[in-house]
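Hi there,

Here is the structure I promised to pass on. Have a look at it first, and then read my notes below.

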Amino acid sequence: MNKAIKSLKLILVLIASVAITSCVQDDDYTIPNSLGDEENKSLTSLLETGNELTFAEVKALYQGGEFIEAVDTNDYVKGYVSSSDQTGNFFKEFFIQDSPTNPTSGLKVILNQVDTYNQFNLGREVYISLQGLFIGEERVGNGVTTIGGGTETDQFGTTVSSLNEIQIRQKVLRSTVTEELTPLNLGLTAINASHVGVLVNVQNVEFADNLAGLNYFDPIEVFDTQRILQDCSGFTYPQFILETSSFSSFKNEPLPIGNGSVTAVVSKTFDGASLILALNSTDDVDMDNPRCTLLDISDFEVVYHEGFDSGLGDWEVINTLGTEEWYASSFSGEGYVRGSAFENNTTTLEMISWLISPSIDFDAQDNERLILQIADAFSNGQPLKAYYSNDYTAGSNPDDATWTEIGASEIAALPENTGFFNNVYDATGLINISMITGNAVLAFVYDSENATISTTLDLSDVQIIAQ
């Protein structure tokens, strides 16, 4: 009898061992389609009792410094996974963005787990319970707001460390929703630090001329290889870095030699010094078009020009907030239109003032580019935004029309003058407005951003060149 019982126990042990071994060695990890009861209960409880924070509010929890405190309130943040480590180009991390369409911000999550794509798949809606977690940087000064499970301090400062297995299970909760992400369409020059963690699409790009015949990864590198993407939709080659990890499964694939589009996640180099694009997969690279040719400035002519030497001319000024507005003036024979949210040079006022052009026929020529001449003084931020509209009616409320922003990166790149004098004008880069069709108006908006910007701004020249 005892021998029979011992034999039965031995058989059961062997069966259990085989089952456990099979689980460990099974590489067929499928993306989960449902959630366990425990995770559902945790998420339900969080939604019933917690307070949702925006991405901006989460980022505001970290102001830099040598000490990072744990979140001590029952707050959570909701996001959509924008990166995937399925190809090995991301490691023990994933990014979330604030919306599956038209995202405005991203956050990084670091965790002690590989193959996160099995659990936190691309587009998965996740809720992160922040209580007891830490908001900071993974590396001092890299400028990437990161959610971690602890902190580490060395001679350079305090950083956040990875979530452990228990924290992952208890704090990073999936909903049943997986959204199809719509990449944010941007030009290379429009990508900035606010886009870190966001899935973007850049078009009409190609790898630099000297990279023909090379692979995504350089075998002499140890960790990452940087390849230069260039945009040749204008007169020069704006460039941006595409970075590939030595652990990526596509590292030995050849770089495409054509022109086209790239969908990737905006990130930063290890030290945070430069913005980069990081691929989820080379399936997101479509460069089957012929390489492009730069535009030649000699092929262009001036098709519209306003120097405001005779005042506003055919332009109109409409305020949608506050009483301060654009007004025409001149100095030493130079006409300009001035906007300022200063009141007696001491107080900043709420101000949104629109300077709107007459209607312009954009079908009469091709490849239009806009050039602005701008001077500023007492600068404490950039209040200027530029737009176009096809449905604005003269004299109506601009808020009732549809507006598309243009030239954000070129305007942001203008130098700032914190001094007194406003008679030195800087030219923007050539702002691409070739996408405008039909009859449209241009608008230059002075926005004091809720009375936080009071820069004095002079617009002296608006010029459109075209073929």
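What follows is a short tour of the chain as a whole and then of a few residues in it.

Please keep in mind that this is a predicted model. The chain has 467 residues, and 48% of them count as buried. Five helices and 32 strands make up its secondary structure. Along the principal axes, the C-alpha atoms fill a box of roughly 115 × 55 × 45 Å. If you look at contacts with a sequence separation of 6 or more, 73% of them come from residues 24 or more positions apart. The accessible surface of the chain is about 23,100 Å², and carbon and sulfur atoms account for 49% of that.

**The disulfide**

How many disulfides does a search of the whole structure find? There is one, and C232 and C292 form it. A disulfide is a covalent bond between the sulfur atoms of two cysteines. The sulfur atoms of C232 and C292 are 1.2 Å apart in the model, and the link is left-handed, with -105° about the S-S bond. This pair joins distant parts of the chain, 60 residues apart. C232 sits in the loop between β13 (224–231) and β14 (239–245), while C292 belongs to the loop between β17 (285–289) and β18 (301–306). C232 is buried, at a relative accessible area of 3%.

**Two buried threonines**

T455 is in the loop between β31 (439–447) and β32 (456–466). With a relative accessible area of 1%, T455 counts as buried. Its side chain reaches the backbone nitrogen of N380 at 3.0 Å. Not counting residues up to four places away in sequence, T455 touches a set of residues that includes G339, S340, A341, D376, F378, N380, P383 and Y446.

T146 lies in a strand, β7 (residues 146–148). T146 is buried too, with a relative accessible area of 0%. Here the side chain of T146 reaches the backbone oxygen of V144 at 3.0 Å. Leaving aside neighbours within four places in sequence, T146 is in contact with K108, I110, F134, I135, G136, E138 and V160.

**A lysine that is worth a look**

Is K171 buried or exposed? K171 has a relative accessible area of 18%, so this lysine counts as buried, the limit being under 20%. K171 is part of helix α4 (residues 165–171). A polar atom of the K171 side chain lies 2.6 Å from the backbone oxygen of Q131. Q131 is also among the contacts of K171 once neighbours within four places in sequence are left aside, together with Y127, I128, S129 and L133. K171 and D284, on the other hand, are 31 Å apart in space, C-alpha to C-alpha, and 113 residues apart in sequence.

F247 is in the loop between β14 and β15 (259–268). At 62% relative accessible area, F247 is exposed.

That is the tour. Do write back once you have had a look at the model yourself.

Best wishes

Key:
Residues are numbered from 1 along each chain as its sequence is written. This is a predicted model: local features need pLDDT of at least 70, side-chain atom pairs count only at pLDDT 80 or more; totals for chains, interfaces and linings use all residues. Side-chain values use heavy atoms; hydrogens and water are left out. Helices (H or I, at least four residues) and strands (E, at least two) are DSSP runs, numbered from the N terminus. Buried means under 20% relative accessible area, exposed over 50%, partly exposed in between (1.4 Å probe, protein chains only). A polar contact is a pair of N or O atoms within 3.5 Å; within protein, one must be able to donate a hydrogen and the other to accept it, and residues adjacent in sequence count only if both atoms are side-chain atoms. Contact means heavy atoms within 4.5 Å. A disulfide is a pair of cysteine sulfur atoms within 2.5 Å. Accessible areas come from the Shrake-Rupley method with a 1.4 Å probe; for residues, only the protein chains shown count as cover.
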